[in-house]
Every structure is written in C-alpha cells, then in structure tokens.
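Subject: Structure for you to look through

Hello,

Here is the structure I promised to pass on. Please open it beside this email and follow along as you read.

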Amino acid sequence: MAHGGRIAASSALLAAAAAAFVLPDWIISLATIAFANGLVVLGLIVMWRAGLVSFGQAMYYCIGAYAVALIGRWTGVTDAVALVLIGGACAGLVSFVVGFLLARYREIFFAMLSLAFSMILYGVLVKTESLGSTDGFSVIVPTFLGYAPHQEKLLVALYWLVLAVCAIAALLVDMYLRSLAGALAIPVRDNEIRVEFLGMSVSRLIHTKLVISGLLGGMGGALAALAVGHVDPNMSYWTTSGEFVFITILAGAGSVGSAFVGSLVFESVRSFAFAMLPQLWQMLLGSVLLLTILFLPQGLGSLIVRLGWRRNAGAP
Amino acid sequence: MLTAFAILIDGLVYAAYLFIVAIGLTLIFGVMKILNVAHGSFYTFGAYGAATAVGIYFDRGLPDAGGFLLMVLFAMILGLALGLILERGVMRLVYGRDEVVMVLVTYAAFLILEDVVILVWGPGSYATYQPLLAAGNMEVGELILSNYDLGLIVVAALLAAASYWALKFTRYGMLLTAVIFDRETAAAFGINVRVVYTVTFVIGAMLGALGGAIMAPKIAVTLGIGVEVIVLAFAVVAIGGMGSIEGALVGALIVGICRAAAVHLVPQVELFVIYGVMALVLMIRPYGLFVRAQPRKI
C-alpha cells in the first residue's frame with residue numbers, strides 16, 4: 001500500500017466499523033465470518049506470491065478453531081483476545097514444525113502434501129469421540145477484557161474484534177511484503193535457483209511464509225469459531241481448503257486488502273446463492289470461479305488497479 | 001491366520017476399487033499435467049448412470065449378464081460425453097496456464113457438475129444392490145466372500161494388463177508415451193498433441209465413470225459421493241507418482257492393504273491411515289514411488 005492506499009484502507013476500516021450501527025444483524029454476522037476467513041486468504045496470498053498454493057490451509061483454520069474451543073472448555077479462559085492469540089499461536093507452532101518438511105516441496109507436490117496433512121487431522125478429529133466426532137462441539141461465549149456482552153452486543157463486539165485483528169494483520173503483512181524477505185517472493189516463484197545463487201536461503205524464506213500463513217490461518221479459525229459458536233471436523237476437510245483457494249483466485253494476490261474484499265464477495269455470493277437457488281448454489285459458485293479464471297486472471301483486485309491505470313493514463 | 005487372509009482379501013478388493021478410480025486420474029495427469037478434480041464428477045456420473053441402468057434393466061426377469069453390460073455401457077457413454085464437453089468446452093481455454101490454475105478450473109467444473117447431478121437425478125439417493133445379489137456369494141474356508149468383490153479384483157487386474165498392453169504395444173500408446181515424456185519434443189516430431197489431449201481426457205473420463213459404475217452396487221448412490229473419491233484417488237496417485245500407471249497400481253495396493261489392516265487391527269485409525277501413508281511416502285520420496293527425476297531448470 002502506498003501512502004494513498006493507507007488512507008483508503010483506514011477510511012474503509014472506519015466505514016466498516018461504523019457500519020455496525022446501521023446494518024442489520026445478519027449482514028454483520030456475515031461480514032464477521034467473511035473477514036475471519038479473509039485472514040486465512042491473506043495467508044494464502046503470502047504463499048501465492050512465492051508460487052505456492054496450499055490445498056490444506058483448512059488444517060490451520062481447524063487447529064485455531066479447536067484450540068479456542070478446547071481451551072474454553074478445559075481452562076475456562078473466555079477472553080476473546082487471548083483465545084484468538086492462543087489459536088493463532090497453536091496453528092503457527094504446527095506450521096513451524098510441519099514447515100521443516102513442507103518447505104522442501106513445490107508446485108502440485110506442495111499442494112498434495114499439505115492436503116494430506118489436513119486430511120490426517122480430519123481423520124483424527126472424526127475418530128475422536130471425546131471431541132464430538134463428526135458433530136463437533138460448541139464454543140464458550142467470549143468476553144472482551146472483562147466485558148461480557150449478550151445477543152446483538154456480542155455480535156457487534158465480535159465484529160469489531162475481527163476488524164481490529166484484520167487491520168493489524170493486514171498492516172503487518174503489508175510491511176512484510178515490502179521487506180526484503182517479502183519482496184523476494186516473486187523471484188522465488190520465477191526462479192529459485194537464482195535466488196539461492198544470490199546467497200539467500202529459499203527454504204528459510206518459504207518456511208517463514210508457511211509460519212505466517214499458519215498464524216493467520218489459526219487466527220482466522222479462532223475468530224470463526226467464536227463467531228459461529230461451534231467447531232466440527234469439516235473445518236479441516238479439503239472442500240474448506242478449496243474454498244479458501246477459491247477466494248484467493250477471486251481476490252487476486254495483488255494487494256493485502258483484496259483478501260478481505262474477495263472474502264466478503266465470496267461470502268455474499270454464497271449466501272445469496274444459497275437463499276435464492278438452494279439447488280444450484282454450487283453451480284453458481286463454480287461459474288463465478290470459472291469466469292474469474294478465464295476473464296480476470298489477476299482477480300478482482302486487478303479491476304481496481306486497472307481503473308487506476310486508466311485514470312493515470314488519461315491525466316494530461 | 002484368518003485375520004491375515006481377511007486383510008489380504010479386503011485389501012485387494014479395496015485396492016482394485018482404488019486402482020480403477022485412480023488410473024484415469026493418473027493418465028490425465030501424466031499426459032496433460034492436469035490434476036483433475038472433476039474426476040470426482042466422472043465417478044459420480046458413472047455411479048448415477050449405472051443406477052439408472054440398473055433401475056431400467058433389473059427386476060424384469062432378463063438375464064443378469066446383460067444388466068452388468070448395460071450398467072457399464074451407460075456409464076461409459078456418460079463419461080465419453082462429459083469428457084468431450086469438458087475438454088472441448090472448458091479445458092481447451094486454459095491450456096498452457098499454470099498447473100494450479102488448471103486444478104482450479106477442474107474444481108470449478110466439479111462444483112458445477114455437482115449441481116447438474118441434482119438437476120438430472122434429483123436430490124434423492126438410489127439403491128443399486130441388484131447386481132450384488134445377482135452375483136451371489138462364495139465360501140472360502142470360514143469367510144463368506146461376495147463374487148462381485150472378487151470380480152472387482154479381476155476387472156482391476158484386466159484393466160492394468162490392458163493399459164500396460166495399450167501403452168507399450170499399440171501405436172496410440174506409444175504416441176502417448178512420447179507425449180508423457182516430453183510434450184514439446186513430441187509435437188516437434190509431428191504428433192498432434194491436441195488430438196492426443198482430447199482422446200486422453202475422454203479416456204480418463206470414461207475410466208472415472210467406469211469406477212463409479214462398478215462401485216454403484218456397493219454404495220448408496222447419493223449426493224456427495226464424488227467428494228471423498230477425489231482425495232482418495234489423489235492420495236493413491238501421489239503415492240505411486242503422478243502420471244505413472246504402474247505407480248497407481250502399487251499405490252492402490254499399498255493403500256488398500258494398509259486400510260484393510262487398519263480396519264481389522266486398529267479401527268480407530270481407519271480414516272487417516274491412507275493420508276498417513278501418503279505423507280510418509282512423500283516424505284521419503286517427494287515425487288512418489290514411480291517417477292523419473294526431473295532436471296532442474298536454471
């Protein structure tokens with residue numbers, strides 16, 4: 001984000017936060033889920049820039065969610081901020097450990113191995129009776145630094161929390177993408193051997209990206225668990241990962257903000273399709289994905305960039 | 001001893017099923033470098049097609065053999081049509097794009113086809129048990145085995161032999177091998193790669209549909225059967241080495257036996273033993289068991 005971009009992003013954030021006073025509840029809860037998922041997509045974008053696509057990102061999402069649910073159940077910690085941080089940390093830890101292995105893989109093999117890991121987690125959760133097996137179990141009602149809201153107030157508080165976490169994450173990721181390690185992502189995608197020849201460790205660069213995306217995935221899952229109030233093994237199933245990759249394609253990896261816009265668009269399309277055409281919503285989603293790939297290969301974000309280009313080109 | 005024998009038979013039956021499902025996937029990947037998520041749709045269409053055929057044919061007192069034939073025929077025609085439409089209508093537009101983008105295109109196709117199934121066959125489920133009954137049972141020692149299951153093993157073995165023969169000894173198979181090894185060089189030698197792509201995709205689709213048709217009597221044909229098959233086939237193909245037919249065979253055997261062993265000995269791990277094996281194999285051999293080393297491009 002350039003200077004102008006920061007101002008635009010901050011005003012978008014303020015507008016989104018203020019919208020909580022006017023918009024109906026169902027839009028607020030839709031946006032809460034959408035922005036929580038947007039965090040996962042942000043993690044995918046970090047990897048996407050280095051040419052890596054994970055078909056197992058749902059694993060971190062699921063770990064974050066289950067961490068929140070389990071800690072709430074066992075220790076009685078109800079503070080939302082602490083829970084989200086713990087959820088993110090658990091997923092980040094797992095991605096750090098798994099990363100030693102995953103960082104050696106590229107392309108489709110990377111996608112397959114990450115898929116395998118997420119499916120292992122799915123299998124374990126389905127077979128664990130004490131965690132509710134396929135039904136999952138419910139998550140405690142969170143508090144916010146001692147403040148314990150109910151009903152609509154809880155909805156709004158969670159929405160603001162999600163917005164705050166997203167804003168901080170977006171800012172940090174944006175800084176990372178501008179740093180040397182972040183900027184090297186595209187050279188790594190184009191030709192990693194040359195990057196090695198320049199004296200950089202590609203596997204360490206990729207390992208860092210894996211941990212970042214794991215952290216983001218875990219926090220997204222933690223927030224989603226708090227928002228939905230329930231966790232189940234399907235959070236780790238490959239179709240969930242597929243959805244995240246879908247949103248990444250829809251959004252495009254051009255900028256940090258596109259993750260959240262893309263996620264919001266996806267969640268809206270899905271809700272509307274589900275309400276209007278309950279038998280055909282998958283068809284609608286598939287068509288949107290196909291059309292995006294065919295006609296907007298850089299994602300929705302590229303539309304904005306293109307508009308900006310035209311404006312600049314048109315200026316005398 | 002009895003358990004060991006049961007594990008072996010169950011494992012072989014499961015491996016046969018996996019091989020039939022995975023061979024089409026690995027063929028398409030080997031030739032076109034597309035990890036085809038829509039393979040699950042081919043499977044689903046094959047299963048529904050077979051269910052329809054069974055509904056039309058059985059319970060009319062006609063000879064059973066014709067029913068089996070009609071089942072397979074129906075599914076294969078569906079696979080042919082679907083493969084042709086998908087390749088000519090969609091995949092053709094994205095050749096040359098990133099491998100991952102092509103995965104997503106097939107994912108989109110999969111999502112769309114899931115709802116086409118609802119449009120054509122409705123949301124209800126179909127019971128297709130008649131062929132299973134018609135085939136009868138057999139007693140081996142203390143075990144009662146379904147002839148249909150044993151037939152499955154035979155079909156898979158025949159399929160493996162046929163594909164080996166087709167790839168090594170027919171003109172088209174040799175062209176295919178050339179394209180698998182190096183698409184550009186093959187094209188430079190005058191092989192019409194576009195036609196090879198179309199034919200391969202259609203054959204892959206027909207094999208996927210065949211897998212669905214053969215499995216239809218053993219499962220309840222209902223919505224969402226394709227979703228699980230995709231990841232299972234992925235796992236088998238990844239273990240064997242993507243694009244390798246012998247790899248798919250070995251991968252199917254490994255996964256089949258491991259799963260059967262898990263079911264009989266430690267049922268708690270049944271669901272993830274497959275992916276555990278996959279992760280283990282990929283840790284040791286990142287590109288699967290049967291794959292040529294790729295040169296690094298600088």
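What percentage of the 316 residues in chain A is made up of buried residues? The share is 49%. Keep in mind that this is a predicted model, and that every value below is computed from it.

**Confidence**

The predictor gives the complex an ipTM of 0.82. The pTM is 0.85. Chain B has a mean pLDDT of 84. In chain B, 96% of the residues reach 70 or more. Confidence in chain B is lowest in helix 5 (residues 130-135), where the mean is 72. It is highest in helix 9 (residues 193-215) of chain B, at 89.

**Chain A**

Chain A holds 14 helices and two strands. Its C-alpha trace spans about 55 × 45 × 40 Å along the principal axes. The radius of gyration of chain A is 19 Å. A compact globule of 316 residues would have a value near 20 Å, so the two agree. Now take the contacts in chain A with a separation of 6 or more. Residues 24 or more positions apart account for 81% of them.

- Helix 6 (residues 151-178) of chain A has 28 residues. From its first C-alpha to its last it reaches 41 Å, close to the 40 Å expected at 1.5 Å a residue. Its buried residues include Leu154(A), Leu158(A), Tyr159(A), Cys166(A) and Val173(A).
- Helix 11 of chain A has 14 residues. It reaches 20 Å, close to the 20 Å expected. This helix is mostly covered, with 13 of its 14 residues buried. After helix 11 of chain A comes Gly252(A), with a positive phi near 85°.

**Chain B**

Chain B comes to 12 helices and two strands. What is the order of its elements from the N terminus on? They run α-α-α-α-α-β-β-α-α-α-α-α-α-α. Chain B has a radius of gyration of 19 Å, close to the 19 Å that the globule rule gives for 298 residues, so chain B is as compact as a globular protein of that length. Its C-alpha trace spans about 60 × 45 × 35 Å along the principal axes. Of its 298 residues, 51% count as buried. Look also at contacts in chain B between residues at least 6 apart in sequence. Of these, 76% join residues at least 24 apart.

- Lys33(B) sits in the loop between helix 1 and helix 2 (39-57) of chain B. Its phi is near 60°, a positive value in a residue other than glycine. Most residues other than glycine have a negative phi. Why does Lys33(B) count as partly exposed? Because Lys33(B) has 16 C-beta neighbours inside 10 Å, and a residue is buried only if 20 or more lie within that distance, and exposed if 12 or fewer do.
- Ala81(B) lies in helix 3 (residues 64-89) of chain B. It has 15 C-beta neighbours inside 10 Å, so Ala81(B) counts as partly exposed. The C-alpha atoms of Ala81(B) and Phe272(B) are separated by 35 Å. Along the chain these two are 191 residues apart.

**Where the chains meet**

How many residues of chain A are in contact with chain B? The count is 36 residues of chain A, touching 34 residues of chain B. Three helices of chain A give two or more residues to this side: helix 5 (107-127), helix 11 (238-251) and helix 13 (281-295). Helix 5 of chain A gives the most, with 15 residues. The residues on this side of chain A divide into 26 nonpolar, seven polar and three charged.

**The core**

The largest nonpolar core has 215 residues. Which of them touch the most other members? They are Ala116(A) and Ala235(B). Helix 1 (residues 2-32) of chain B gives the most to this core, with 19 residues. Leave aside the neighbours of Ala116(A) within four places in sequence. Ala116(A) is then in contact with Ala235(B), Tyr275(B), Met278(B), Ala279(B) and Leu282(B). In soluble globular proteins, nonpolar side chains tend to be buried together.

Best wishes

Notes. Residues numbered from 1 in each chain as written. Chains lettered and ligands numbered in written order. Predicted model: local features only at pLDDT ≥ 70, side-chain atom pairs only at ≥ 80, totals over all residues. Contact = placed C-beta atoms within 7 Å. Helix = DSSP H or I, 4+ residues; strand = E, 2+ residues; numbered from the N terminus. Nonpolar A, V, L, I, M, F, W, Y, C, P; charged D, E, K, R; others polar. Rg over C-alpha atoms; globule rule 2.2 N^0.38 Å. Core = buried A, V, L, I, M, F, W, Y, C linked by C-beta atoms within 7 Å. Expected span 1.5 Å × (residues − 1). pLDDT = per-residue confidence, 0-100.
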